[in-house]
Amino acid sequence: MKKSLLFACAGILAFIFAGCEPNLPIPESFPKKHLIEEFTGQDCGYCPYGMDCISAFIENDTNWIVVLHHYGYQPDRLSVTGSKSITSKLKVGGAPAMTINRSKTATSDGNAVVFHPGYLSKTIKANQTSTTYASIVLNNSYDPTTRELKVKVSGAICKEDYPELKLTLLVKESGIIDYQQDFYNTFEGWKEFSHTNAVRAYMTDALGDFITVNSNRRYSTEYSITLNEKWVAENCMVVAFLSEDFNPVVQAEQRPVVANTAGGANIPHGGITAVPVPDYYPEIDASSGPAD
């Protein structure tokens, strides 16, 4: 039985790493991971409910990757300018809002690319495809002394006739303690709230960089960034996804910044210390949001 398990594991690893090993054959398809992008804001009182809906929808399924853009309501202390470009491109008109793979998803209000997290259902999850034609393999290293993060992104394309693909590479962080308005658990809000999956910086252009695929239908590219000293590296993840120009997203992957950590995946969102937001909000300068 142990031998069967070893053979099974070896087969899975060969399947995954066909994306970066030139001597391995490319399979007919790759397992697909799905990207959820939520558009939120610290002074959006309904946004914690949106986070709850997404958490219940995912149910700790590692095939789903979540990033939070602090745009869609208005900029706040967790906003990055690149997310504004994505929000504008998707024509997000408010928060909470979300998209799955930047593609049309059947909801109760019709086929929508962007919709309210409250419309999430088991039917939506069941309707998602389980395979795709592109792979992503992430290899990264982090130097805690210089705080430099280096990331190599590689992969393969299954089909010969494929569209031009863009790579988006970003860093997200969980366990960020800051204020949050909340109309559900406390109408006034939280002075201390654990924010998760917040986009911290883009390593590519926020709208993606075109990748170069060689004659063997493989690609490889490298990026680096110096993490802000205020970010907790152990709570950070590298997230990569491929899209057909901008949408739809055809594949996604994530990996902890620091090896042998959960990258913040084990940190739940939620309130810690409740206080009236109006007493706390004047300290916030949300005129433009910080730069990437």
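The backbone oxygen of H70 lies 2.6 Å from a polar atom of the S79 side chain, and the backbone nitrogen of D76 lies 2.7 Å from a polar atom of that side chain. Both are polar contacts, meaning pairs of N or O atoms within 3.5 Å; within protein, one atom must be able to donate a hydrogen and the other to accept it, and residues adjacent in sequence count only if both atoms are side-chain atoms. S79 sits in the loop between strand 3 and helix 3. With a relative accessibility of 0%, S79 counts as buried; buried means under 20% relative accessible area, exposed over 50%, and partly exposed in between (1.4 Å probe, protein chains only).

The model is predicted: local features need pLDDT of at least 70, side-chain atom pairs count only at pLDDT 80 or more, and totals for chains, interfaces and linings use all residues. Residues are numbered from 1 along each chain as its sequence is written, and side-chain values use heavy atoms, with hydrogens and water left out.

**Overall composition**

The protein has five helices and 18 strands. These elements are DSSP runs numbered from the N terminus, helices being H or I with at least four residues and strands E with at least two. Of its 292 residues, 50% count as buried. The accessible surface comes to about 14,100 Å², and carbon and sulfur atoms hold 50% of that surface; areas come from the Shrake-Rupley method with a 1.4 Å probe, and for residues only the protein chains shown count as cover. Among contacts (heavy atoms within 4.5 Å) between residues at least 6 apart in sequence, 72% join residues at least 24 apart.

**Helix 3**

Helix 3 spans residues 81–89, and its buried residues are G82, S83, I86 and T87. These residues lie on the same side of helix 3 because they cover an arc of only 145° around the axis, the arc being that of the directions from the helix axis to the C-beta atoms. K84 and S88, on the other side of helix 3, are exposed. The cover over the buried residues includes strand 2 (34–39), strand 3 (64–69) and strand 13 (198–202). After helix 3 comes K91, which has a positive phi near 55°.

**Salt bridges**

Side chains of opposite charge can pair when their charged atoms come close. A salt bridge here is a side-chain nitrogen of Lys or Arg within 4 Å of a carboxyl oxygen of Asp or Glu.

| Pair | N to O distance |
|---|---|
| R102 and E37 | 2.8 Å |
| R77 and D178 | 2.5 Å |
| R200 and E173 | 2.8 Å |

R102 forms a salt bridge with E37. R102 lies in the loop between strand 4 (97–100) and strand 5 (105–107) and E37 lies in strand 2, so the pair ties together parts 65 residues apart in sequence. R102 and E37 are both buried.

R77 forms a salt bridge with D178. R77 belongs to the loop between strand 3 and helix 3 and D178 to strand 11 (residues 176–180), so this pair ties together parts 101 residues apart in sequence. R77 is partly exposed at a relative accessible area of 30%, whereas D178 is buried at 10%.

R200 and E173 meet through their side chains in a salt bridge. That pair links distant parts of the chain, with R200 in strand 13 and E173 in strand 10 (residues 165–173), 27 residues apart. R200 is buried, with a relative accessible area of 16%, and E173 is buried at 3%.

**Strand 16 and its partners**

Eight of the nine residues of strand 16 (residues 236–244) are buried, so the strand is largely enclosed by the rest of the structure. Strand 10 and strand 16 are antiparallel and pair over nine bridges; two strands pair if DSSP finds at least two bridges between them. V171 stands opposite V238 of strand 16. Strand 16 also runs antiparallel to strand 17 (residues 249–256), joined by seven bridges, and the bridge partner of A240 in strand 17 is E253. Four residues separate the strands in this hairpin, where D245 takes a positive phi near 65°.

**G270**

G270 is in strand 18 (residues 270–274) and is buried, with a relative accessible area of 18%. Leaving aside neighbours within four places in sequence, G270 is in contact with F193 and S194. G270 and Q180 are 90 residues apart in sequence and 9.2 Å apart in space, C-alpha to C-alpha.
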